[in-house]
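Look over the sequence and the structure first.

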Amino acid sequence: MNITEALLGEHAVLYDLFNHLERTSPTLSLSELIGRGSLLGAVLASHAKLEEELLFSRLEEVVGYTGPLKAMRREHGQIDGALERLAAADDTKKARQLLYEVIHEARNHFAKEERLLFPMAANTLSKDALCGLGARWAANRSVALA
Ligand SMILES: [Fe+2]
Ligand SMILES: [Fe+2]
């Protein structure tokens with residue numbers, strides 16, 4: 001399996017989680033919002049870690065630490081920063097705003113990966129390299145590949 005297809009599949013599930021959080025957040029308390037933020041942070045961090053360790057680092061070996069890769073790593077950090085502010089929020093309205101901010105930033109970030117970064121990976125790395133990274137993704141995620 002090609003690593004970019006695996007990461008696209010993760011985006012699809014995360015989009016569903018974003019929609020669910022937006023639908024259910026208007027009535028949540030401060031502690032519930034912080035709890036949702038913690039859950040969202042855990043899955044986003046896991047996704048970003050695999051992207052960076054598998055795909056970004058391999059691409060950087062070929063094209064260097066350039067524009068789109070730099071931007072994607074910076075955006076991972078910005079999303080982390082908003083999640084940290086949400087964890088420390090002491091006001092319900094602020095916590096809800098921060099949860100929406102994280103979701104907004106993550107959607108924009110995913111869209112850039114889908115339109116720019118994953119196509120760049122497909123054009124830069126060989127099919128063998130992409131599938132080798134896909135096998136490492138599967139091992140990391142405990143997914144059985146046929
Ligand atoms: Fe990412
Ligand atoms: Fe991603």
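The points below cover the metal sites, then the nonpolar cores.

This is a predicted model, in which local features need pLDDT of at least 70, side-chain atom pairs count only at pLDDT 80 or more, and totals for chains, interfaces and linings use all residues. Residues are numbered from 1 along each chain as its sequence is written, chains are lettered from A and ligands numbered from 1 in the order in which they are written, and side-chain values use heavy atoms, with hydrogens and water left out.

**Iron ion (ligand 1)**
- E51 (OE), H76 (NE2), H109 (NE2) and E113 (OE) coordinate the iron ion (ligand 1) at 2.0 to 2.2 Å.
- Donors are N, O and S atoms within 2.8 Å of the metal (3.2 Å for Na, K and Ca); water is not among the atoms, so sites may look incomplete.
- Along the chain, the donors of the iron ion (ligand 1) are spaced E-x24-H-x32-H-x3-E.
- The arrangement around the iron ion (ligand 1) is irregular because its four donor atoms subtend angles of 82 to 171 degrees.
- Four donors count as tetrahedral if all angles lie between 85 and 135 degrees; four count as square planar and six as octahedral if opposite donors are over 155 degrees apart and all others between 65 and 115; anything else is irregular.

**Iron ion (ligand 2)**
- H11 (NE2), H47 (NE2), E51 (OE) and E113 (OE) coordinate the iron ion (ligand 2) at 1.9 to 2.2 Å.
- The spacing of these donors is H-x35-H-x3-E-x61-E.
- This site is irregular too, with angles of 86 to 178 degrees among the four donor atoms.

**The pair and its helices**
- The two iron ions, ligand 1 and ligand 2, are 3.4 Å apart, and E51 coordinates both.
- E51 lies in helix α2 and H109 in helix α4, so the pair ties together parts that are 58 residues apart in sequence.
- Helices are DSSP runs (H or I, at least four residues), numbered from the N terminus.
- H47 and E51 sit four residues apart in helix α2 (residues 30-63), about one turn of the helix.
- Relative accessibility is 0% for E51, 1% for H109 and 2% for H47.
- Each of these values counts as buried (under 20% relative accessible area, 1.4 Å probe, protein chains only).

**Nonpolar cores**
- A nonpolar core is a set of buried Ala, Val, Leu, Ile, Met, Phe, Trp, Tyr and Cys residues joined through side-chain atoms within 4.5 Å.
- The largest nonpolar core has 21 residues, and I3, L55, L59, L117, L125 and W137 have the most contacts inside it.
- Helices α1 (3-24), α2, α3 (67-87), α4 (92-124) and α5 (127-141) each give two or more residues to this core.
- Another core, of 19 residues, lies apart from it and includes L33, L40, I103 and A106.

How values were computed. Buried < 20%, exposed > 50% of the residue type's maximum accessible area, 1.4 Å probe, protein only.
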